[in-house]
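Colleague: I would like to learn how to read this model. Please take the charges to begin with, then the fold, then the helices.

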Amino acid sequence: MNERDAVLVIGATGNVGRQVVRELVTAGTPVRALTRNPAAARLPSGAQVVQGDHADPESLRPHLAGVRSAFLVWPRLDDTGAARELVDLLAEHVDRIVFLSSAAVRDELAEQEEPIGRAHREIELAIERAGVRWTFLRPWAFAANALEWAESARAGDVVRGAFGDHPVTMIDERDIAAVAVRALTEDGHAGAAYELTGPELLSPVERVRLIGEETGAELRWAELSDEQWQQRLLATGFDDEAARAFRENFRASLGTPQPVTDAVREITGRPARTFRDWLRWRAAEFTDPLPEVGAPDAGVVLMSTWTLDAPQHQRAAADAVLEAWAEGTWPPGLLRHSVLLGADGATVLHYSQWTDEAAVAAFREADRPERVERIDDEVPGIRRNGVTDYRLYRSRVDGASHRPGCVVVVSFRTDTAETGRAFVDELLSWQAGELPEGAVGGMSSNHFHVGVEGTSVVNYAEFADEAAHQAVVDGMLGADDFVPRLIESTPGLTGLGFQRFVPYRGLTRG
(Lines give C-alpha, C1' and ligand atoms only; values in the text may rest on other atoms or scores of the structure.)
Protein backbone atom coordinates (compact mmCIF):
# COMPACT_ATOMS: atom_id res chain seq x y z
CA MET A 1 0.00 0.00 0.00
CA ASN A 2 1.13 3.57 -0.69
CA GLU A 3 0.17 6.67 1.27
CA ARG A 4 -2.95 7.06 -0.82
CA ASP A 5 -4.10 3.67 0.37
CA ALA A 6 -4.41 4.49 4.06
CA VAL A 7 -6.90 2.65 6.24
CA LEU A 8 -9.20 4.67 8.49
CA VAL A 9 -10.00 2.88 11.75
CA ILE A 10 -13.17 4.20 13.37
CA GLY A 11 -13.35 3.16 17.02
CA ALA A 12 -9.57 2.94 17.22
CA THR A 13 -9.38 2.78 21.03
CA GLY A 14 -12.05 0.13 21.48
CA ASN A 15 -11.37 -3.51 22.27
CA VAL A 16 -11.24 -4.53 18.61
CA GLY A 17 -10.23 -1.25 16.96
CA ARG A 18 -7.07 -0.97 19.04
CA GLN A 19 -5.95 -4.40 17.85
CA VAL A 20 -6.81 -3.54 14.24
CA VAL A 21 -4.52 -0.50 14.48
CA ARG A 22 -1.70 -2.59 15.93
CA GLU A 23 -2.00 -5.28 13.25
CA LEU A 24 -2.02 -2.70 10.45
CA VAL A 25 1.02 -0.88 11.85
CA THR A 26 2.89 -4.18 12.21
CA ALA A 27 2.06 -5.00 8.59
CA GLY A 28 3.42 -1.62 7.46
CA THR A 29 0.03 -0.34 6.30
CA PRO A 30 -0.63 3.42 6.63
CA VAL A 31 -3.21 3.87 9.38
CA ARG A 32 -5.38 6.80 10.35
CA ALA A 33 -6.85 6.09 13.78
CA LEU A 34 -9.93 8.08 14.81
CA THR A 35 -10.51 8.89 18.47
CA ARG A 36 -12.17 11.64 20.46
CA ASN A 37 -9.07 12.14 22.63
CA PRO A 38 -5.81 11.58 20.71
CA ALA A 39 -3.64 12.56 23.70
CA ALA A 40 -4.89 9.57 25.70
CA ALA A 41 -5.17 7.10 22.83
CA ARG A 42 -2.05 5.00 23.61
CA LEU A 43 -1.67 3.73 20.07
CA PRO A 44 1.53 2.77 18.24
CA SER A 45 3.55 5.72 16.98
CA GLY A 46 3.30 4.26 13.48
CA ALA A 47 -0.38 5.21 13.39
CA GLN A 48 -1.58 8.70 12.54
CA VAL A 49 -3.99 9.46 15.38
CA VAL A 50 -6.67 12.00 14.46
CA GLN A 51 -9.48 13.59 16.42
CA GLY A 52 -13.09 12.98 15.51
CA ASP A 53 -16.35 11.49 16.69
CA HIS A 54 -18.07 8.71 14.78
CA ALA A 55 -21.41 10.16 15.92
CA ASP A 56 -20.56 13.43 14.15
CA PRO A 57 -19.81 12.37 10.56
CA GLU A 58 -18.65 15.84 9.52
CA SER A 59 -15.80 15.61 12.05
CA LEU A 60 -14.37 12.81 9.90
CA ARG A 61 -14.37 14.70 6.62
CA PRO A 62 -10.92 16.37 7.11
CA HIS A 63 -9.37 12.94 7.69
CA LEU A 64 -10.66 11.12 4.61
CA ALA A 65 -8.24 12.41 1.98
CA GLY A 66 -6.08 9.52 0.78
CA VAL A 67 -8.12 6.90 2.63
CA ARG A 68 -9.02 3.87 0.54
CA SER A 69 -10.48 1.50 3.15
CA ALA A 70 -12.32 1.91 6.45
CA PHE A 71 -12.90 -0.28 9.47
CA LEU A 72 -16.20 0.65 11.08
CA VAL A 73 -17.51 -0.04 14.57
CA TRP A 74 -20.86 1.45 15.55
CA PRO A 75 -21.57 1.10 19.30
CA ARG A 76 -24.68 3.32 19.38
CA LEU A 77 -27.25 0.82 18.17
CA ASP A 78 -30.08 3.13 19.20
CA ASP A 79 -28.99 5.65 16.52
CA THR A 80 -28.60 3.86 13.22
CA GLY A 81 -29.59 7.03 11.38
CA ALA A 82 -26.26 8.64 12.21
CA ALA A 83 -24.55 5.42 11.13
CA ARG A 84 -26.21 5.64 7.72
CA GLU A 85 -24.99 9.24 7.37
CA LEU A 86 -21.47 8.10 8.21
CA VAL A 87 -21.62 5.28 5.67
CA ASP A 88 -22.72 7.71 2.95
CA LEU A 89 -19.80 10.01 3.79
CA LEU A 90 -17.31 7.16 3.76
CA ALA A 91 -18.60 5.95 0.40
CA GLU A 92 -17.64 9.30 -1.14
CA HIS A 93 -13.97 8.54 -0.40
CA VAL A 94 -13.34 4.82 0.18
CA ASP A 95 -13.93 1.78 -1.96
CA ARG A 96 -13.90 -0.78 0.86
CA ILE A 97 -15.65 -0.95 4.26
CA VAL A 98 -15.14 -3.70 6.82
CA PHE A 99 -17.94 -3.50 9.37
CA LEU A 100 -17.92 -5.12 12.80
CA SER A 101 -21.45 -6.46 12.85
CA SER A 102 -22.90 -9.26 14.99
CA ALA A 103 -23.84 -12.92 14.78
CA ALA A 104 -27.27 -11.78 15.93
CA VAL A 105 -27.91 -10.96 12.25
CA ARG A 106 -29.61 -13.94 10.64
CA ASP A 107 -29.56 -14.07 6.84
CA GLU A 108 -32.52 -16.45 6.71
CA LEU A 109 -34.80 -13.79 8.22
CA ALA A 110 -36.40 -11.19 5.98
CA GLU A 111 -36.87 -9.05 9.07
CA GLN A 112 -34.59 -9.37 12.08
CA GLU A 113 -36.39 -10.31 15.29
CA GLU A 114 -33.71 -9.44 17.84
CA PRO A 115 -32.89 -5.74 18.57
CA ILE A 116 -29.11 -6.11 18.26
CA GLY A 117 -29.44 -8.05 15.01
CA ARG A 118 -31.97 -5.55 13.68
CA ALA A 119 -29.71 -2.56 14.30
CA HIS A 120 -26.64 -4.22 12.81
CA ARG A 121 -28.55 -5.38 9.76
CA GLU A 122 -29.77 -1.82 9.12
CA ILE A 123 -26.16 -0.66 9.00
CA GLU A 124 -25.17 -3.60 6.82
CA LEU A 125 -27.91 -2.69 4.33
CA ALA A 126 -26.72 0.92 4.25
CA ILE A 127 -23.21 -0.30 3.41
CA GLU A 128 -24.51 -2.64 0.69
CA ARG A 129 -26.47 0.23 -0.89
CA ALA A 130 -23.44 2.53 -0.76
CA GLY A 131 -21.82 0.75 -3.68
CA VAL A 132 -18.49 -0.05 -2.01
CA ARG A 133 -16.79 -3.39 -1.54
CA TRP A 134 -17.84 -4.65 1.85
CA THR A 135 -17.04 -7.37 4.36
CA PHE A 136 -19.14 -8.00 7.45
CA LEU A 137 -17.64 -9.55 10.57
CA ARG A 138 -20.26 -11.32 12.65
CA PRO A 139 -18.66 -12.50 15.88
CA TRP A 140 -20.52 -14.54 18.44
CA ALA A 141 -19.88 -13.77 22.11
CA PHE A 142 -16.78 -11.72 22.86
CA ALA A 143 -14.30 -13.12 25.38
CA ALA A 144 -14.17 -9.54 26.68
CA ASN A 145 -17.73 -9.97 28.00
CA ALA A 146 -16.09 -11.77 30.91
CA LEU A 147 -14.75 -8.40 32.08
CA GLU A 148 -18.10 -7.83 33.79
CA TRP A 149 -16.87 -10.38 36.35
CA ALA A 150 -13.56 -8.62 36.93
CA GLU A 151 -14.55 -6.75 40.08
CA SER A 152 -15.82 -9.94 41.72
CA ALA A 153 -12.68 -11.79 40.68
CA ARG A 154 -10.40 -9.10 42.12
CA ALA A 155 -12.23 -9.45 45.43
CA GLY A 156 -11.98 -13.27 45.31
CA ASP A 157 -15.74 -13.28 45.57
CA VAL A 158 -18.94 -14.69 44.15
CA VAL A 159 -19.53 -14.25 40.41
CA ARG A 160 -23.21 -13.78 39.62
CA GLY A 161 -24.89 -14.37 36.29
CA ALA A 162 -27.61 -16.18 34.38
CA PHE A 163 -27.60 -19.67 32.83
CA GLY A 164 -24.26 -20.67 34.29
CA ASP A 165 -24.43 -24.13 32.74
CA HIS A 166 -25.16 -22.94 29.17
CA PRO A 167 -22.06 -23.24 26.95
CA VAL A 168 -21.22 -20.54 24.42
CA THR A 169 -18.21 -19.82 22.25
CA MET A 170 -16.06 -16.82 23.11
CA ILE A 171 -13.83 -15.06 20.59
CA ASP A 172 -10.68 -13.11 21.38
CA GLU A 173 -10.77 -9.54 20.05
CA ARG A 174 -7.28 -10.04 18.61
CA ASP A 175 -8.69 -12.74 16.33
CA ILE A 176 -11.48 -10.46 15.16
CA ALA A 177 -8.85 -7.82 14.39
CA ALA A 178 -6.69 -10.30 12.48
CA VAL A 179 -9.63 -11.19 10.24
CA ALA A 180 -10.48 -7.50 9.81
CA VAL A 181 -6.96 -6.68 8.65
CA ARG A 182 -7.05 -9.44 6.05
CA ALA A 183 -10.35 -8.11 4.75
CA LEU A 184 -8.99 -4.55 4.68
CA THR A 185 -5.75 -5.32 2.88
CA GLU A 186 -6.32 -8.43 0.77
CA ASP A 187 -8.55 -9.28 -2.17
CA GLY A 188 -11.06 -12.09 -1.99
CA HIS A 189 -13.19 -10.89 0.91
CA ALA A 190 -15.65 -8.58 -0.85
CA GLY A 191 -19.27 -9.54 -0.25
CA ALA A 192 -18.42 -11.97 2.57
CA ALA A 193 -20.15 -12.14 5.94
CA TYR A 194 -17.91 -14.10 8.30
CA GLU A 195 -19.29 -15.77 11.41
CA LEU A 196 -16.42 -15.68 13.89
CA THR A 197 -16.11 -17.82 16.99
CA GLY A 198 -13.53 -19.13 19.37
CA PRO A 199 -12.43 -22.78 19.16
CA GLU A 200 -14.44 -24.11 22.11
CA LEU A 201 -17.78 -24.06 23.90
CA LEU A 202 -17.53 -23.02 27.55
CA SER A 203 -20.25 -22.36 30.10
CA PRO A 204 -20.01 -19.38 32.45
CA VAL A 205 -19.24 -21.77 35.30
CA GLU A 206 -16.32 -23.19 33.32
CA ARG A 207 -15.03 -19.73 32.46
CA VAL A 208 -15.16 -18.65 36.09
CA ARG A 209 -13.17 -21.76 36.98
CA LEU A 210 -10.51 -20.80 34.44
CA ILE A 211 -10.33 -17.26 35.82
CA GLY A 212 -9.66 -18.70 39.25
CA GLU A 213 -6.96 -21.01 37.90
CA GLU A 214 -5.16 -18.20 36.09
CA THR A 215 -5.34 -15.59 38.86
CA GLY A 216 -5.33 -17.68 42.01
CA ALA A 217 -8.69 -16.23 43.08
CA GLU A 218 -11.19 -18.40 44.94
CA LEU A 219 -14.37 -17.85 42.95
CA ARG A 220 -17.77 -19.48 42.92
CA TRP A 221 -20.77 -19.04 40.65
CA ALA A 222 -24.18 -17.85 41.87
CA GLU A 223 -27.19 -17.99 39.56
CA LEU A 224 -29.26 -14.82 39.16
CA SER A 225 -33.02 -14.95 39.49
CA ASP A 226 -35.07 -13.80 36.52
CA GLU A 227 -35.82 -10.48 38.21
CA GLN A 228 -32.16 -9.93 39.08
CA TRP A 229 -31.18 -10.61 35.48
CA GLN A 230 -33.76 -8.10 34.26
CA GLN A 231 -32.42 -5.45 36.62
CA ARG A 232 -28.85 -6.10 35.50
CA LEU A 233 -29.83 -5.63 31.85
CA LEU A 234 -31.60 -2.37 32.70
CA ALA A 235 -28.48 -1.16 34.49
CA THR A 236 -26.39 -1.74 31.33
CA GLY A 237 -28.64 0.48 29.19
CA PHE A 238 -31.46 -1.76 28.00
CA ASP A 239 -34.99 -0.42 28.31
CA ASP A 240 -37.73 -2.70 29.66
CA GLU A 241 -38.86 -3.91 26.24
CA ALA A 242 -35.36 -4.54 24.92
CA ALA A 243 -34.36 -6.34 28.11
CA ARG A 244 -37.39 -8.63 27.90
CA ALA A 245 -36.73 -9.32 24.22
CA PHE A 246 -33.09 -10.11 24.93
CA ARG A 247 -34.02 -12.55 27.70
CA GLU A 248 -36.68 -14.26 25.57
CA ASN A 249 -34.33 -14.62 22.60
CA PHE A 250 -31.58 -15.94 24.83
CA ARG A 251 -33.90 -18.54 26.31
CA ALA A 252 -35.08 -19.53 22.85
CA SER A 253 -31.48 -20.15 21.83
CA LEU A 254 -30.74 -22.50 24.72
CA GLY A 255 -31.95 -25.55 22.86
CA THR A 256 -29.63 -24.91 19.92
CA PRO A 257 -25.89 -25.04 20.68
CA GLN A 258 -23.89 -22.15 19.29
CA PRO A 259 -21.75 -23.08 16.30
CA VAL A 260 -17.98 -23.34 16.45
CA THR A 261 -16.67 -22.10 13.13
CA ASP A 262 -13.20 -22.41 11.65
CA ALA A 263 -13.33 -19.00 9.96
CA VAL A 264 -10.43 -17.50 11.90
CA ARG A 265 -8.07 -20.28 10.81
CA GLU A 266 -9.35 -20.27 7.22
CA ILE A 267 -8.80 -16.52 6.85
CA THR A 268 -5.67 -15.91 8.93
CA GLY A 269 -3.91 -19.26 8.62
CA ARG A 270 -3.82 -19.96 12.36
CA PRO A 271 -6.44 -21.30 14.78
CA ALA A 272 -8.54 -19.04 16.96
CA ARG A 273 -7.22 -18.40 20.46
CA THR A 274 -8.78 -20.20 23.42
CA PHE A 275 -10.48 -18.44 26.31
CA ARG A 276 -7.47 -19.29 28.46
CA ASP A 277 -5.21 -17.58 25.90
CA TRP A 278 -7.40 -14.48 26.14
CA LEU A 279 -7.48 -14.65 29.93
CA ARG A 280 -3.69 -14.76 30.23
CA TRP A 281 -3.56 -11.64 28.06
CA ARG A 282 -6.18 -9.78 30.12
CA ALA A 283 -5.38 -11.33 33.50
CA ALA A 284 -4.54 -7.97 35.08
CA GLU A 285 -8.21 -7.04 34.83
CA PHE A 286 -9.11 -9.91 37.16
CA THR A 287 -6.23 -9.68 39.61
CA ASP A 288 -6.25 -7.88 42.95
CA PRO A 289 -4.08 -4.78 42.34
CA LEU A 290 -2.49 -4.96 45.78
CA PRO A 291 0.54 -7.24 46.12
CA GLU A 292 0.65 -9.77 48.92
CA VAL A 293 3.53 -8.10 50.72
CA GLY A 294 5.36 -10.70 52.75
CA ALA A 295 4.32 -13.65 50.57
CA PRO A 296 6.57 -16.52 51.74
CA ASP A 297 7.77 -17.38 48.24
CA ALA A 298 8.91 -13.81 47.46
CA GLY A 299 12.63 -13.64 48.17
CA VAL A 300 13.36 -10.41 46.32
CA VAL A 301 11.28 -7.33 45.56
CA LEU A 302 12.07 -4.90 42.74
CA MET A 303 10.78 -1.36 43.16
CA SER A 304 11.05 1.49 40.69
CA THR A 305 9.20 4.63 39.69
CA TRP A 306 8.50 6.22 36.34
CA THR A 307 7.79 9.89 35.86
CA LEU A 308 5.49 10.84 32.98
CA ASP A 309 5.58 14.05 31.01
CA ALA A 310 1.80 14.47 30.93
CA PRO A 311 -1.02 13.42 33.31
CA GLN A 312 -2.90 11.57 30.56
CA HIS A 313 0.10 9.28 30.15
CA GLN A 314 0.07 7.97 33.72
CA ARG A 315 -2.59 5.28 33.33
CA ALA A 316 -1.48 4.63 29.77
CA ALA A 317 2.03 3.79 30.96
CA ALA A 318 0.70 1.48 33.68
CA ASP A 319 -1.52 -0.31 31.18
CA ALA A 320 1.26 -0.58 28.62
CA VAL A 321 3.71 -2.29 30.96
CA LEU A 322 1.18 -4.86 32.13
CA GLU A 323 0.10 -5.54 28.57
CA ALA A 324 3.73 -6.07 27.59
CA TRP A 325 4.15 -8.58 30.41
CA ALA A 326 0.91 -10.36 29.52
CA GLU A 327 1.68 -10.69 25.82
CA GLY A 328 5.31 -11.67 26.29
CA THR A 329 6.94 -14.64 27.92
CA TRP A 330 6.35 -14.67 31.67
CA PRO A 331 9.84 -14.79 33.21
CA PRO A 332 10.69 -17.77 35.43
CA GLY A 333 10.75 -16.63 39.03
CA LEU A 334 8.47 -13.61 38.58
CA LEU A 335 5.56 -14.08 40.96
CA ARG A 336 3.71 -10.84 40.53
CA HIS A 337 4.02 -7.35 39.06
CA SER A 338 1.89 -4.62 40.65
CA VAL A 339 1.50 -1.08 39.36
CA LEU A 340 0.35 1.83 41.51
CA LEU A 341 -0.44 5.38 40.40
CA GLY A 342 1.14 8.39 42.08
CA ALA A 343 -1.29 10.74 43.78
CA ASP A 344 0.63 13.54 42.04
CA GLY A 345 -0.74 12.36 38.69
CA ALA A 346 2.75 12.10 37.21
CA THR A 347 4.39 8.97 38.64
CA VAL A 348 3.96 5.22 38.45
CA LEU A 349 5.29 2.76 41.04
CA HIS A 350 6.30 -0.76 40.02
CA TYR A 351 6.40 -3.37 42.79
CA SER A 352 7.39 -6.82 41.51
CA GLN A 353 7.99 -9.93 43.58
CA TRP A 354 10.50 -12.60 42.54
CA THR A 355 11.50 -15.93 43.98
CA ASP A 356 15.20 -15.08 44.41
CA GLU A 357 18.15 -13.06 43.10
CA ALA A 358 19.11 -15.75 40.59
CA ALA A 359 15.73 -15.37 38.87
CA VAL A 360 16.18 -11.60 38.71
CA ALA A 361 19.69 -11.94 37.29
CA ALA A 362 18.51 -14.43 34.65
CA PHE A 363 15.72 -12.09 33.60
CA ARG A 364 18.04 -9.13 33.28
CA GLU A 365 20.34 -11.19 31.14
CA ALA A 366 17.59 -12.42 28.82
CA ASP A 367 15.10 -9.51 28.77
CA ARG A 368 14.35 -8.57 25.18
CA PRO A 369 14.59 -4.86 24.28
CA GLU A 370 11.40 -5.18 22.21
CA ARG A 371 9.34 -5.21 25.42
CA VAL A 372 10.61 -1.79 26.49
CA GLU A 373 10.55 -0.44 22.94
CA ARG A 374 6.88 -1.31 22.58
CA ILE A 375 6.01 0.54 25.79
CA ASP A 376 7.96 3.63 24.71
CA ASP A 377 6.36 3.45 21.29
CA GLU A 378 2.86 3.62 22.75
CA VAL A 379 3.55 6.00 25.64
CA PRO A 380 6.06 8.76 24.94
CA GLY A 381 7.87 10.74 27.60
CA ILE A 382 8.58 8.05 30.23
CA ARG A 383 11.49 8.89 32.52
CA ARG A 384 12.72 5.80 34.35
CA ASN A 385 14.18 6.58 37.75
CA GLY A 386 16.11 3.37 38.28
CA VAL A 387 15.32 -0.02 39.80
CA THR A 388 16.36 -1.11 43.29
CA ASP A 389 16.40 -4.69 44.56
CA TYR A 390 15.06 -5.17 48.09
CA ARG A 391 14.44 -7.88 50.61
CA LEU A 392 11.53 -7.52 53.00
CA TYR A 393 13.07 -7.20 56.46
CA ARG A 394 10.29 -6.66 59.00
CA SER A 395 6.62 -5.73 59.02
CA ARG A 396 4.06 -4.38 61.43
CA VAL A 397 0.53 -5.29 60.36
CA ASP A 398 -2.47 -3.80 62.12
CA GLY A 399 -5.58 -5.93 62.46
CA ALA A 400 -7.73 -3.22 60.84
CA SER A 401 -10.57 -4.49 58.66
CA HIS A 402 -10.42 -1.74 56.02
CA ARG A 403 -8.93 -2.38 52.62
CA PRO A 404 -5.88 -0.19 51.84
CA GLY A 405 -6.71 2.57 49.38
CA CYS A 406 -3.41 4.45 49.69
CA VAL A 407 0.18 3.19 49.69
CA VAL A 408 2.88 5.49 51.02
CA VAL A 409 6.49 4.78 50.06
CA VAL A 410 8.88 6.34 52.58
CA SER A 411 12.49 6.27 51.37
CA PHE A 412 15.82 6.44 53.20
CA ARG A 413 19.43 6.42 52.08
CA THR A 414 21.79 4.33 54.24
CA ASP A 415 25.53 3.79 54.42
CA THR A 416 25.16 0.07 55.17
CA ALA A 417 22.42 -2.52 55.42
CA GLU A 418 23.20 -2.83 59.13
CA THR A 419 22.39 0.84 59.63
CA GLY A 420 19.05 0.36 57.90
CA ARG A 421 18.12 -2.71 59.90
CA ALA A 422 19.09 -1.07 63.20
CA PHE A 423 16.91 1.93 62.37
CA VAL A 424 13.93 -0.32 61.53
CA ASP A 425 14.41 -2.33 64.74
CA GLU A 426 14.38 0.78 66.92
CA LEU A 427 11.40 2.29 65.12
CA LEU A 428 9.30 -0.88 65.42
CA SER A 429 10.31 -1.29 69.05
CA TRP A 430 9.03 2.21 69.74
CA GLN A 431 5.81 1.54 67.83
CA ALA A 432 5.20 -1.65 69.81
CA GLY A 433 5.52 0.22 73.10
CA GLU A 434 3.83 3.51 72.24
CA LEU A 435 1.33 2.64 69.50
CA PRO A 436 -0.80 -0.37 70.40
CA GLU A 437 -2.79 -2.00 67.61
CA GLY A 438 -5.46 0.36 66.32
CA ALA A 439 -3.85 3.45 67.85
CA VAL A 440 -3.27 5.01 64.44
CA GLY A 441 -6.63 5.11 62.71
CA GLY A 442 -6.60 4.14 59.06
CA MET A 443 -3.07 2.66 59.08
CA SER A 444 -2.97 -0.98 57.95
CA SER A 445 0.71 -1.87 57.83
CA ASN A 446 4.34 -0.86 57.62
CA HIS A 447 6.56 -3.14 55.52
CA PHE A 448 10.25 -2.28 55.77
CA HIS A 449 12.41 -3.35 52.83
CA VAL A 450 16.22 -3.19 52.95
CA GLY A 451 18.13 -2.78 49.70
CA VAL A 452 20.19 -5.77 48.59
CA GLU A 453 23.15 -3.42 48.06
CA GLY A 454 22.67 -1.97 51.54
CA THR A 455 22.29 1.66 50.46
CA SER A 456 18.56 2.16 50.91
CA VAL A 457 15.53 1.35 53.04
CA VAL A 458 11.90 1.72 52.00
CA ASN A 459 8.80 1.56 54.13
CA TYR A 460 5.88 0.35 51.99
CA ALA A 461 3.05 1.53 54.23
CA GLU A 462 -0.66 0.88 53.63
CA PHE A 463 -3.45 3.23 54.72
CA ALA A 464 -7.19 3.36 54.29
CA ASP A 465 -6.88 6.52 52.21
CA GLU A 466 -4.77 9.65 51.74
CA ALA A 467 -6.58 11.45 54.56
CA ALA A 468 -5.52 8.76 57.04
CA HIS A 469 -1.89 9.22 56.07
CA GLN A 470 -2.16 13.01 56.19
CA ALA A 471 -3.46 12.71 59.75
CA VAL A 472 -0.24 10.84 60.65
CA VAL A 473 1.87 13.52 58.96
CA ASP A 474 0.07 16.29 60.80
CA GLY A 475 -0.09 14.60 64.20
CA MET A 476 3.06 12.47 64.49
CA LEU A 477 5.76 13.76 62.16
CA GLY A 478 6.50 17.21 63.50
CA ALA A 479 10.11 18.22 64.07
CA ASP A 480 9.93 17.38 67.80
CA ASP A 481 8.16 14.04 67.39
CA PHE A 482 9.94 10.72 67.92
CA VAL A 483 10.23 9.50 64.31
CA PRO A 484 11.84 12.67 62.85
CA ARG A 485 14.22 12.81 65.82
CA LEU A 486 15.16 9.15 65.34
CA ILE A 487 15.91 9.73 61.66
CA GLU A 488 18.04 12.76 62.42
CA SER A 489 19.98 11.03 65.20
CA THR A 490 20.75 7.80 63.32
CA PRO A 491 24.29 7.97 61.87
CA GLY A 492 24.50 6.97 58.21
CA LEU A 493 20.75 7.41 57.61
CA THR A 494 19.13 10.17 55.53
CA GLY A 495 15.38 10.58 55.11
CA LEU A 496 14.36 11.18 51.48
CA GLY A 497 10.67 11.89 52.02
CA PHE A 498 7.58 10.02 50.91
CA GLN A 499 5.33 9.54 47.90
CA ARG A 500 1.68 8.52 47.91
CA PHE A 501 0.19 6.02 45.48
CA VAL A 502 -3.17 4.42 44.88
CA PRO A 503 -3.52 0.74 43.87
CA TYR A 504 -4.22 0.34 40.17
CA ARG A 505 -3.55 -3.03 38.53
CA GLY A 506 -1.51 -6.15 39.07
CA LEU A 507 -0.54 -9.24 37.14
CA THR A 508 0.20 -12.68 38.49
CA ARG A 509 0.15 -16.27 37.37
CA GLY A 510 -2.14 -18.65 39.20
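Modeller: The chain carries 52 positive and 79 negative side chains, where Lys and Arg count as positive, Asp and Glu as negative, and His and the chain ends are not counted. The centres of the two sets lie 3 Å apart, with each charge placed at NZ of Lys, CZ of Arg, CG of Asp or CD of Glu. This is a predicted model, in which local features need pLDDT of at least 70, side-chain atom pairs count only at pLDDT 80 or more, and totals for chains, interfaces and linings use all residues. Residues are numbered from 1 along each chain as its sequence is written, and side-chain values use heavy atoms, leaving out hydrogens and water.

Colleague: How many helices and strands does the secondary structure of the chain come to?

Modeller: Helices (H or I, at least four residues) and strands (E, at least two) are DSSP runs, numbered from the N terminus. The chain has 16 helices and 20 strands. Its C-alpha trace spans about 85 × 55 × 40 Å along the principal axes.

Colleague: What percentage of the residues of the chain count as buried?

Modeller: Buried means under 20% relative accessible area, exposed over 50%, and partly exposed in between, with a 1.4 Å probe and protein chains only. Of the 510 residues, 51% are buried.

Colleague: Which residues of α2 are buried, and what covers them?

Modeller: Helix α2 covers residues 80–91 and reaches 16 Å from its first C-alpha to its last, close to the 16 Å expected. The expected span is 1.5 Å times one less than the number of residues. Buried in α2 are T80, A82, A83, L86, V87, L89 and L90. They lie on the same side of α2 because they cover an arc of only 165 degrees around the axis; the arc is that of the directions from the helix axis to the C-beta atoms. Their cover includes β1 (6–10), β4 (67–72), β5 (96–100) and α3 (115–129).

Colleague: Which residues of α14 are buried, and which are exposed on the other side?

Modeller: In α14 (residues 417–434), the buried residues are A417, T419, G420, F423, V424, L427, L428, W430 and Q431. They share one side of α14, because their arc around the axis is only 160 degrees. E418, S429, A432 and G433 are exposed on the other side.

Colleague: Where is R42 placed, and is R42 buried or exposed?

Modeller: R42 sits in the loop between β2 (31–35) and β3 (48–51). R42 counts as buried because its relative accessibility is 10%. Its phi is near 55 degrees, a positive value in a residue other than glycine.

How values were computed: Contact means heavy atoms within 4.5 Å.
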